[in-house]
Amino acid sequence: MTSNENRVKMLILGSGPAGLSAALYAARAELAPVLLTGAQLGGQAALTYTIENYPGFPDGVGGAQLGELFQKQAEHFGTRVEFDTANKVDLSARPFKVTTDAGEYLSDSLIVTTGASPIHLNVPGEDTLLGRGVSYCATCDGAFFKDKKVVVIGGGDSALEEAIFLTRYASSVTIVHRRDELRAGPILQKRAKENPKIQFIWNTVVTEIRGSAKMESVQLKNVQTGEESTFAADGIFIFIGHTPNTQLFEGQLKMDSHGYIEADMLMQTSVPGVFAAGEAADPHFRQVITSAGMGAAAAIQATRFLEAETG
Ligand code: NAP
C-alpha cells in the first residue's frame, strides 16, 4: 500500500451483502471505494449452503457463490477489495482514521457493514471443545459428522435450516429447544418435522458439553420438571442468535443496549459522514436482501453527503 492509496473518499468495512452492495453503488458513483473484507470474506451469507430467498435465483444459489458474484460486480465498476481487517477507528474528526492489520486509511466517509457473530451458550465445555464437536456453522463443519449423531440448539430459522442441512451427513439430528413451540417460519417447521432423521427434545436446555479429546455428550435439563439427563452425541451445532460486530465503534457511534449501531432511514449514524448497514445495524430482518438493500441505501446517501460538501 502506498500513502496515496490510503487517502480515500469512501471506506467500507466488511464484505457481506451490505458491504459489497454499498461498494457496487459507490463504485458506480465513481467514488473509487476501498472495501476491507474483514476476517470472514463474504460475511455470514458465504457460510450458508443454499440461499433460496434471494430474488433472481429461482433454484437457489450457494452463499459463497452469491458473495463471489457480488464481489465481481463491485470490482467490475472500480471497487478496490483489500483482504484486510480494521482494528481501530478514530471518528472524532474528518478524514476518519482507520487502522488495519496492514496499515492506515484516511477516508472522507465510512460505511460500517461489519455484520454479526453467533451467540455462545456459555456453558462448560463449549470453548474447550470448539472444533472438536462444538460448531456454529453446519456448512463449514457438517461434513465431519458423516454417520454421526449430532444435536442442534435453538428453535429459530437458523437452527431448523442448519438441522435440515446436517441430515445430509449425520445419522441423526436432535433439535434441543428451550420451549415447546418453534420460532422458525412454517415452511422450515414442516420440512424439519417431516424429515425422518430429525427428532426434537422440547422444554430443554444444555447445561454442559462433555468430552476429553472430543465431544462425547451433552448434559440436558428439562426447564419444566428440572430433570437432568445425559445425551450421547458426537457434535453440537449452536444457533441461538447473533451479536453485532461493533465493539470497534464503542463510545464513538450511538448504539442500542445490544450493541447494534443506531442508523436512521437514510443509514446515517450519530457521526456525520459515517453510515451503517446490514446486521451491524439491523436486529430485525437479517436477510441477504435486506442487508444488500441497506448497503445500497448507505452508499447512495454517502454519495449525496460527499456531493453536498463539494457543491
Ligand atoms: P432467532 O430467530 O433469534 O432464534 C434464536 C433461537 O434460539 C430461538 O428459538 C431462541 O429461543 C433460542 N435461544 C436463544 N437464546 C438461547 C439460549 N441461551 N439457550 C437456548 N436457546 C436459546 O435467531 P436465528 O434463527 O439466527 O434467526 C435470526 C433472524 O434471521 C430471524 O429473523 C430469521 O427469520 C432470520 N433467518 C432467516 C432465514 C431464512 O429466511 N431462510 C434463515 C436463517 C435466519 P426462543 O424461541 O425461546 O426465544
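Where is Arg286 found? I looked it up: Arg286 is in the loop between β19 and α7. (Helices, H or I of at least four residues, and strands, E of at least two, are DSSP runs numbered from the N terminus.)

Ground rules before I go on. This is a predicted model, where local features need pLDDT of at least 70 and side-chain atom pairs count only at pLDDT 80 or more, while totals for chains, interfaces and linings use all residues. Residues are numbered from 1 along each chain as its sequence is written, and side-chain values use heavy atoms, with hydrogens and water left out.

I checked phi for Arg286: about 55°, positive although the residue is not a glycine. Arg286 is partly exposed, at a relative accessible area of 25%. My cut-offs are under 20% for buried, over 50% for exposed and partly exposed in between, with a 1.4 Å probe and protein chains only.

Met267 also isn't a glycine, yet has a positive phi of about 65°. I find Met267 in the loop between β18 (242–244) and β19 (274–276). Met267 counts as buried, at 10% relative accessibility.

I also noted a cis peptide bond between Arg94 and Pro95, with omega about 0°. Pro95 sits in the loop between β6 (86–90) and β7 (96–100).

**Cores**

Next I looked for nonpolar cores, meaning sets of buried Ala, Val, Leu, Ile, Met, Phe, Trp, Tyr and Cys residues joined through side-chain atoms within 4.5 Å. The largest has 51 residues, and Leu11, Leu110, Ile111, Phe249 and Ile261 have the most contacts inside it. Helix α7 (residues 288–310) gives the largest share of this core, 7 residues. Apart from it I found another core of 21 residues, among them Val150, Leu166, Val173 and Ala184.

I then listed the partners of Leu11, counting heavy atoms within 4.5 Å as a contact. Leaving aside neighbours within four places in sequence, Leu11 touches Val34, Leu36, Val98, Tyr105, Ser107, Ser109, Leu110 and Ile111.

**Whole chain**

I count 7 helices and 19 strands. The radius of gyration is 21 Å, close to the 19 Å from the globule rule for 311 residues, so the chain is as compact as a globular protein of that length. That radius is over C-alpha atoms, and the rule is 2.2 Å times the number of residues to the power 0.38. The C-alpha box is roughly 70 × 40 × 35 Å along the principal axes. Finally, 48% of the 311 residues count as buried.
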